[in-house]
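Student: I would like to learn how to read a structure. Can we go through one together?

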Amino acid sequence: MNTELFENLRLELRRGCLVLAVLAELRTEHYGYELRKALADRGMAIDENTLYPLLRRLESQGLLASQWREEDKRNKRFYRLSSDGEIILKQLLEEWNIINSSITRIVTGEPIAEEELSI
Amino acid sequence: MELVDRYLYAVRCGLPKGQQNDILAELAEDIRSQIEDLETGLGRPVNEAEIVEILKQRGHPAKVAARYVPQQYLIGPALYPIYRLVLKIVVLWVLVPVFAFVVGRIAVATALHPSQTLIKTLWDLAMSAVFTLGVVTLVFSIMERYPAGAKPFEKWDPRKLPRAPKSAPESRSTPRATAIAELAASLIFSTLYVAWFRTTFDVGGLHITLAPIWRAMCWPFLAVILIGGVKGYLSLVWPDRIRLRFGIRVAINIITLILVGVLLNAGTWVNLSAAGAPVGGLAEAARWTNFGFKIFLWFTAAIAIGDAVPEGMRIFSKKPAWNYSIAT
């Protein structure tokens, strides 16, 4: 039961992070399979049934741009971050850093610095 | 690669129209790349078992296709609690009592074959419940898609929420509207009761005669209705006298229980007669009608007990009804 519970919570935790990881990785152009491998190589494995619908969603939101192109005599769909995506990625990374710092402070019991409070 | 083609074709069936070719082309390319990677690692072409393994690991075609369809629900989480409440009220508090105490009883009382009629009535009840479920679900799903005016969960005002009960038990006053409603209901019911009380009825050639015990019970029942009015009046005059209110309610339930006990003791509550009707059929109809009355009386007793016990406990309870007030 605990394993299942942990797995559910882990997936919940990862869900938001995946968007960030995909956007960040697509600062360099990739096609789907290549992107999947690149993410897995950096420790963020994502299954294809999650990745491709996510890519479509991010593209429909205007955060990604894609085009079909021939490579190695095969048609592949290449994705890259759009200009809107770059702005959103920057904001999300700032948010991510704030969350990360907050969680660290909460876990370690470290109080928030005065200059941060004044922001 | 025939297995891959079959897999892709199966996925296609569940994909949104207009995107099928695009999604399938990308999916096919992904599978092909994965197979090529595996072949490079193995140093040989993949066999059928390995392709099966790859496809199984990707999941059932319906599951894969479902990921590309936007998440849809008939009734969303915001409306769902109201939907459940409406269904509960309509089915449990309207449909079942109407069938149990009105439709069913009349149908059984007037039928030539009461047992068959009873089964048919139960079947009709089940069908009505299914129909009601369908209609309520349809109405709520329309509300979900086309919210009337501004979205109801976005345009709201805390000042329009119902008042929370006060924290101190002595100030748990009866709402004025409730007191007026109790008083008005008592006056209307008692007037109708006196005006319409009869012990004989004619329903489609069937002569229904209530047993003599009902005449004896006429005035006690009127007294119970009037006590309800007195309770409403006292709640209006002294809204904070909650123990008095609980006490009267317990008294009403106790008197109801006594009256029901006397009625149950009578054993027969209705007699049927009809010119030209077969004697056996009439006796059977009377038996089922009396059985219906018996169930109704026991049901009434159960409700009276169910209401009296918590009300009785509240008389002696010092626990505040609402403990979370932050009002100063």
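**Reading the chains**

Tutor: Residues 24 or more positions apart account for 74% of the contacts in chain B with a separation of 6 or more. Two residues are in contact if their C-beta atoms, placed from the backbone, lie within 7 Å. This is a predicted model: local features need pLDDT of at least 70, side-chain atom pairs count only at pLDDT 80 or more, and totals for chains, interfaces and linings use all residues. Residues are numbered from 1 along each chain as its sequence is written, and chains are lettered from A and ligands numbered from 1 in the order in which they are written.

Student: How many helices and strands does chain B have?

Tutor: Helices (H or I, at least four residues) and strands (E, at least two) are DSSP runs, numbered from the N terminus. Chain B has 10 helices and 3 strands. Their order from the N terminus is α-α-α-α-α-α-α-β-β-α-α-β-α.

Student: Which strands of chain B stand at the edges of the sheet?

Tutor: Two strands pair if DSSP finds at least two bridges between them. In chain B, 3 strands form an open sheet in the order 1-2-3, with antiparallel pairing. Strand 1 (200–203) and strand 3 (270–274) of chain B are at the edges; each has a single partner strand, so one side of each lacks a neighbour in the sheet.

Student: What joins strand 1 of chain B to strand 2?

Tutor: 4 bridges do, and the two strands run antiparallel. Strand 2 of chain B covers residues 206–210. Opposite Thr209(B) in strand 2 stands Thr200(B).

Student: How many residues of chain A are in contact with chain B?

Tutor: 10 residues of chain A touch 12 residues of chain B.
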